[in-house]
Protein chains: 4
Amino acid sequence: MQSKDFLAARYTQIREQSVALCAPLTAEDQCVQPMPDASPTKWHLAHTTWFFERLVLEQYAPGYRPYDSRFNFLFNSYYESLGARQPRPQRGLLTRPSLGEVHDYRRHVDSAVQHLLQRIDDERLATLCNVLELGLQHEQQHQELMLTDILYTFFSNPLLPAYREHVVLNAPSETAERDIQWIEIPGGVVEVGKEPRAMDFAFDNEKPRHGVLLSPCAIADRLVTCGEFANFIEDGGYRRPELWLYDGWAAVQAGGWQHPLYWLPAGAPRLAIARPVSQETGTHDWYTFGLDGLQPLREDAPVSQLSYFEAAAYATWAGVRLPTEFEWEAAHDLPGMRQLAQHVWQWTRSSYDPYPGFQPLTGAASEYNGKFMVGQLVLRGGSVATPAGHARATYRNFFAPAARWQFSGIRLAQDI
Amino acid sequence: MQSKDFLAARYTQIREQSVALCAPLTAEDQCVQPMPDASPTKWHLAHTTWFFERLVLEQYAPGYRPYDSRFNFLFNSYYESLGARQPRPQRGLLTRPSLGEVHDYRRHVDSAVQHLLQRIDDERLATLCNVLELGLQHEQQHQELMLTDILYTFFSNPLLPAYREHVVLNAPSETAERDIQWIEIPGGVVEVGKEPRAMDFAFDNEKPRHGVLLSPCAIADRLVTCGEFANFIEDGGYRRPELWLYDGWAAVQAGGWQHPLYWLPAGAPRLAIARPVSQETGTHDWYTFGLDGLQPLREDAPVSQLSYFEAAAYATWAGVRLPTEFEWEAAHDLPGMRQLAQHVWQWTRSSYDPYPGFQPLTGAASEYNGKFMVGQLVLRGGSVATPAGHARATYRNFFAPAARWQFSGIRLAQDI
Amino acid sequence: MQSKDFLAARYTQIREQSVALCAPLTAEDQCVQPMPDASPTKWHLAHTTWFFERLVLEQYAPGYRPYDSRFNFLFNSYYESLGARQPRPQRGLLTRPSLGEVHDYRRHVDSAVQHLLQRIDDERLATLCNVLELGLQHEQQHQELMLTDILYTFFSNPLLPAYREHVVLNAPSETAERDIQWIEIPGGVVEVGKEPRAMDFAFDNEKPRHGVLLSPCAIADRLVTCGEFANFIEDGGYRRPELWLYDGWAAVQAGGWQHPLYWLPAGAPRLAIARPVSQETGTHDWYTFGLDGLQPLREDAPVSQLSYFEAAAYATWAGVRLPTEFEWEAAHDLPGMRQLAQHVWQWTRSSYDPYPGFQPLTGAASEYNGKFMVGQLVLRGGSVATPAGHARATYRNFFAPAARWQFSGIRLAQDI
Amino acid sequence: MQSKDFLAARYTQIREQSVALCAPLTAEDQCVQPMPDASPTKWHLAHTTWFFERLVLEQYAPGYRPYDSRFNFLFNSYYESLGARQPRPQRGLLTRPSLGEVHDYRRHVDSAVQHLLQRIDDERLATLCNVLELGLQHEQQHQELMLTDILYTFFSNPLLPAYREHVVLNAPSETAERDIQWIEIPGGVVEVGKEPRAMDFAFDNEKPRHGVLLSPCAIADRLVTCGEFANFIEDGGYRRPELWLYDGWAAVQAGGWQHPLYWLPAGAPRLAIARPVSQETGTHDWYTFGLDGLQPLREDAPVSQLSYFEAAAYATWAGVRLPTEFEWEAAHDLPGMRQLAQHVWQWTRSSYDPYPGFQPLTGAASEYNGKFMVGQLVLRGGSVATPAGHARATYRNFFAPAARWQFSGIRLAQDI
């Protein structure tokens, strides 16, 4: 078990990181919600705080009274056992409490948590640590969402503002070489999921560790690049139904998809609106929008912000397929594997199903993962927006197949 | 023609009034858009400025260059002749430009307008005055919308914040007496619309003055009160289809209407969320939400924020009808008429059709009124949110029959 | 008052006409509902029968028992006072009762009505005649709808079947001459609406007769032709927002309107699907779909199946306007007026508002007209699908401004 | 390989079975489409015929010309490689071709297929047999859909007509005993999927046979009964979010689900409409609607027409879970297993993912299964509506988790 001091410091560091991520943002930026799935920054700041209040303070701090009883309605996300809540699509209407008041709320709860941590008796310390750690992992997940959601907010603005001129998160600027190297996975029974004896944190959906029987296959050593994806587009990728899943082709047609969400072709009206006098416009074939704003396409960079549908269509076009989540996990430690967790999450062809013997956590935390186990696909790895130390080989990220606003890309696989 | 100095002062006064209305609001409050029809305060501030830039400065100030060419896309409302624009339902996504930048924009344009006004040659002064006055009337219309829209924004917030604790706009706190007095209108040909020789401003939709033939009727001396409307509700008004127009009853059912939009019955869950510990909750039958926040129903106050459908259903329930816009105008100067323009706009049963011989303004201003002349109903009078001096007896306000977020109420009429 | 025998014969003739209209149709054709506004033929046949059952037999025939008590739910259209009903968009799901059973129902009710008519005492005869006549007028309105709705059904079928190879309804095959002649209306007070002393039938919405004050204007002697409308299209009519009302332009964009609903340009994919081997396809610029199926555009024929939005845009393009309903009525008897009632209903710029002193009928019939008096526009005249003798100079037809599936066209007017 | 004569007879038998299923239906019944997923009977009859025309006759019969080239547009379901098609939600608009014409089409194609089969050279016979068999299996799948879809059609009719008074399909009237017996599955590697050497037909999605590693578990010997499901309802099953998946609870709320789709509680308004004078109504707690019309709930019958969401919620309420598709397949031959394939398809918790090494068929048939492998759940077993001989232990049926109109129910499982 971690020491109190270590945990206290870790708590402070992670909570401060959430605030640090907001430095480039105005209060207005942090308030709006451009689509139901992209929550306001301020809401993320408050919701993660509410999580500590309800799951930690209310459970472990005797006599703790809610900072503001109205916040339970405002900042509950989806916990049915914790009461009614603001409908998800309407989180962007919460101009009150103000951003300043939300920061006050954060400080109040942080102080109470630290106070509780110092005074908890030894008997309850271990349980407290578990739930505190859950809260911190939860906060880190929302740190990634804060970035994906503000990026969507800025992309929804005709001015296409940049989050930061020069983005230095945790991604090494590695350059993809031309050809994918195929790394063989021999097949047979492999163990997947969280090692039961390991002390480090894992979500309930990574358990129990169990064997799966793999067929031999090969997995790409690196991610698919923007240049490669541009070839797919130029080869008619978005106009050829035979490359797409049925639901994917329906999404292409209904949404008018012609390229990844954050790509803009030279000559796009949006470019002229955002950069009316720029000399640069039109000299490149593609521009992409990212945390550093509008930039010419970097051919060597991993393609990102793809839906599962787009990833699967690309794989079909390339004559191969996406890996299963178990192939991905089995390949994680193999020599030669690169770009595992620092660039983009990698769609697998595995539906987000429970592991055999899956047991959700108890109490409100039981709603954390298990109830989403239908209709979603597993992503593995980690991204430029994932906090350092958050992801791991057994980590199961998941999104609906049409989700296009995450740092999500492609690693290929094939049967052998 | 007004003197330059008078107009310059009037310009300053009206423009400053827009800013003054924002005093109680945070930048967050001014940014969001709770429904497509309710624009953000910041957008109103910028759009009215853009109106002066495009219709005044660009036309009359030689060499004037747009403050920021991107703003034409952002702040054009519906002027097809002035280029593409931000889709109306997405005005709330404009966290940039910031509120501060919009105020800079306002000051820049104000300065350029004042400069233009001082230097314009006499030949063009008259035309300039006309379009400047149009811009000021336009600004005043948006001042009312700023209040109606921020009220909707606050009502969309579970905390139900107040715009101001004590609202002192321009409405005298007149008390309705119990019984309506019926004022007779004799019938015959009456002249309606703007007097052609009068120097004061009127919109194109108030012209030309023309005769209409009225049948004898009587019109109520005062507005319907909240107490009277509560009787309608208690008599099953929202559950009796025979009282409603076909489209109105469809709206009741589709929207689950049970009372006016901003009324909350004692025991409503929203009351408990907004005021979790208040002692007061539940001791009144109804609460209403207004610029001064949540308040117990004032029985004597004119009922407000009604749709045409609700107004027409009430009139049917009361055994009478709504006036036509011409009856209203004919009654405007009759002795005994009260509450004409300071409380709520009054729905008439008149569709918003063009007057015989109607000619829209020229240029972009031709899109100001005429293109909305289908599917809307005329309201007459003025409201607590209307700037002083803006409304007049011939003024034709108009909204779609389902609109519930305006300061709109009921004056009754009947055949005799 | 009409004699019993006359009325009995008239009843038989009109009821048989409904059945005769179905001769070219299969049971399948008569069952489906291609959009909520276009009801199945079978439903029309049953609903008009139900109308006689509820408003005539149940009121006047002592001891009459409903033919099938379940039919009240199935075939009530919108009469709130007569109970719950099948939702309008789901009328096409009624494969049972079968078409044969509906004809049995018709015969049963017809027999009971005739029996009642022969036995009614003199005292109640006059009232019975009134409501019987209302039922027959109602049946005739549905005869027109049967044709408009089956036409929409056939247009919804990729095979584009014809209702009849050679349509001979009641329209003279009159050819439009090139130039419109403008017929002057002098202005002044004119009387409109149903003559109170006239014995012939009129709906409540045509009453009371009253004076209106007209300004001088001129009205076109004939309807706008397809050839003229083709010029509008070729001049960019559907791409120029300045020609359209705001709601009209929104409809153009949302619906992708490029021409009237039933027009197909040469080269349209629908042509190739419907006539895969036809030699004829493509040798004309336009094809139109009508009761006689797909035909090359007849340049001289009045343009039909237009929405109000399209009619108003055309008038704006032509530099004139649509008439008001009162101008139309005042012009009805003027020398030189042609194509008044045999080709297409003519959109007026008048909203469907109540006449001063309007009193709806009593009982269930009160829901017949009055509750639709919002959001609709008046059409005057009559069409190729209107039963002979049904329309008259004071007749007020009405539809929502986006309705495109009626026999509705354009007569122009202008101020003078 | 089957003999020509055997296959010819099998072809005739299966094709005639489709026609036999329509015996109780009118042409009207067979024409309409009550929701996008429930196609008209006539469309099923034509589409399965089109399948033989395009995949068999066009490929194997030299010089075969399409019966009607327009039918390719009308009766293609979702085969992108075979051209454009009637949008799925609009299949119910095809009143033409008539039912009689579709039967002509069937006879024409049947004759051509039989002729081809007799004359095919030996070299191509094997391949022809494969695709003919695919066409027959396809026809059988549509036979089940014809029943599920007509049932939905009849349920959409307020009269609630019965398909047949006495339904004798292939289901033995077995009575469920009170207590479920739990049958243990030992765990370890089991082989699943189609035996490669077996001669009988299997779809591509059942291949290749491969090993999966199971954990020990137990599976219920019988299906959940209506009586058991009624207990779930009475225990608040549809009102307790903690029992539901997130998407399931959203479906409950959006759809107002309170019981299975085809259940009606005593006192439901629909009962009074359908059976206005029945003495029986209200003496039972529940009525269910099935092929034999409205009947009092049979407590011992397997619950049917459930969505995956409802099945999963029931399992959670019962403290157990649904089986995976591999557990189901492994248990298929175990002693004591009952009600495997004659009553209802059984939802598994397995997403419909491709088997390792999955290869779709070639040509148009490649679109048969693979492109649906996202967002769906696997059902195993077979139902009362499944043609005899169609299902098998390795058969993978699949539907979206919200689908409620199939013969789909619950077999439980649990970890041990």
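Guide: In chain D, helix α2 (residues 41-60) packs with helix α4 (residues 99-119) at an angle of about 30°, the axes being 9 Å apart. Helices here are DSSP runs of H or I with at least four residues, numbered from the N terminus; axes are lines fitted to C-alpha atoms over the stretch in contact, and angles run from 0 to 180 degrees between N-to-C directions. The angle therefore makes α2(D) roughly parallel to α4(D) (under 35 degrees counts as roughly parallel, over 145 as roughly antiparallel, 65 to 115 as roughly perpendicular and the rest as oblique). Contact, meaning heavy atoms within 4.5 Å, is made on the α2(D) side by residues including L45(D), T48(D), T49(D), W50(D) and F52(D). On the α4(D) side, V102(D), Y105(D), R106(D) and V109(D) are among them. The residues of this contact divide into 14 nonpolar, three polar and three charged (Ala, Val, Leu, Ile, Met, Phe, Trp, Tyr, Cys and Pro count as nonpolar, Asp, Glu, Lys and Arg as charged, and the others, Gly among them, as polar). The crossing of α2(D) past α4(D) is left-handed, that is, the near helix is turned anticlockwise from the far one by less than a right angle, clockwise being right-handed.

This is a predicted model, in which local features need pLDDT of at least 70 and side-chain atom pairs count only at pLDDT 80 or more, while totals for chains, interfaces and linings use all residues. Residues are numbered from 1 along each chain as its sequence is written, chains are lettered from A and ligands numbered from 1 in the order in which they are written, and side-chain values use heavy atoms, with hydrogens and water left out.

α2(D) also packs with helix α1 (residues 4-21) of chain D, at an angle of about 155° and with the axes 10 Å apart. α1(D) is therefore roughly antiparallel to α2(D), and their crossing is left-handed. Y11(D), R15(D) and S18(D) of α1(D) meet L45(D), T48(D), T49(D) and F52(D) of α2(D). By class, the contact has three nonpolar, three polar and one charged residues.

How values were computed: Helices (H or I, at least four residues) and strands (E, at least two) are DSSP runs, numbered from the N terminus.
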